[in-house]
Amino acid sequence: MDLRIGLGYDLHRFGPGRSLRLGGVEIPFPLGLVGHSDADCLVHAVIDALLGAAGEGDIGRLFPDTDPAYKNARSTALLAAVMERLKKAGLEVVHVDSVIVTEKPAVAPHVPAMKRALCPLLGVASDRLGIKGKTNEGVGAIGRGEAIACWATALLQKKA
Ligand code: MG
């Protein structure tokens, strides 16, 4: 078996006048995440985990935030483009796990919708995508509600 593992991390600041998109889902919240694209922190971490496992660099190299083409881009569209690259390289997703670190909003109620949005893109069943919410126990910038951070791991298999 030819297995590859990747790790991804991302952080975005909260800011006004933006909708909060996380895991491909719009979440009702007074603040959104600031970024060049739609700033979907979870999808960005997942993309970097996939690219790391595939040996294909990182999200900033593939989709530079200086490129107007990616202004307000849907991160799920970027994920779909990454999955195309993986497919061409003969790689398929075995499992993805992730953690969303945020003080607010609560993540758990939105996990089923995130899975419905992301599993078809990743080509996996619901039990092969983990999404867990954690607070930062009030510590640091995340604890003060200034930002969301996400971690993701991806296990890929190269088809024979
Ligand atoms: Mg990002």
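This is a predicted model: local features need pLDDT of at least 70, side-chain atom pairs count only at pLDDT 80 or more; totals for chains, interfaces and linings use all residues.
**View A. Nonpolar surface patch formed by Leu7, Tyr9, Leu11 and Trp151.** Strand S1 is the element that gives the most to the patch, with 3 residues. Leucine 7 is located in strand S1. The relative accessible area of leucine 7 is 57%, so this residue is classed as exposed.

**View B. Protein donors of the magnesium ion.** The ion is contacted by Asp10 through OD, by His12 through NE2 and by His44 through ND1, with these donors lying 2.2 Å from the metal. Along the chain, the donors follow the spacing D-x1-H-x31-H.

**View C. Cysteine 41 and cysteine 150, which are not joined by a disulfide.** A disulfide is a covalent bond between the sulfur atoms of two cysteines. The count of disulfides in the model is 0. For cysteine 41, the nearest cysteine sulfur is that of cysteine 150, at 3.6 Å. Because a disulfide requires the sulfur atoms to lie within 2.5 Å, the 3.6 Å separating the sulfur of cysteine 150 from that of cysteine 41 is too far for a bond. Cysteine 41 is buried, with a relative accessible area of 0%, and cysteine 150 also counts as buried, at 0% relative accessibility.

**View D. Aromatic pair of phenylalanine 14 and phenylalanine 29.** The whole structure contains 3 aromatic pairs. In one of them, the ring centres of phenylalanine 14 and phenylalanine 29 are 5.5 Å apart and the planes meet at 40°, so the pair is tilted. This pair links distant parts of the chain, 15 residues apart: phenylalanine 14 lies in strand S1, whereas phenylalanine 29 occupies the loop between strand S3 (25–27) and strand S4 (32–33). Phenylalanine 14 is buried at a relative accessible area of 13%, while phenylalanine 29, at 26%, counts as partly exposed.

**View E. Aromatic pair of phenylalanine 63 and tyrosine 70.** The ring centres of phenylalanine 63 and tyrosine 70 are 5.3 Å apart, and the planes stand at 80°, so the pair is edge-to-face. Phenylalanine 63 has a relative accessible area of 12% and is buried.

Key:
Residues are numbered from 1 along each chain as its sequence is written. Side-chain values use heavy atoms; hydrogens and water are left out. Donors are N, O and S atoms within 2.8 Å of the metal (3.2 Å for Na, K and Ca); water is not among the atoms, so sites may look incomplete. Buried means under 20% relative accessible area, exposed over 50%, partly exposed in between (1.4 Å probe, protein chains only). Patches are made of residues with over 30% relative accessible area and no salt bridge: like charges are joined within 9 Å, nonpolar side chains (Val, Leu, Ile, Met, Phe, Trp, Tyr) within 5 Å. Accessible areas come from the Shrake-Rupley method with a 1.4 Å probe; for residues, only the protein chains shown count as cover. A salt bridge is a side-chain nitrogen of Lys or Arg within 4 Å of a carboxyl oxygen of Asp or Glu. Helices (H or I, at least four residues) and strands (E, at least two) are DSSP runs, numbered from the N terminus. Rings of Phe, Tyr and Trp (its six-membered ring) pair if their centres lie within 6.5 Å; planes under 30 degrees apart count as stacked, over 60 as edge-to-face and the rest as tilted.
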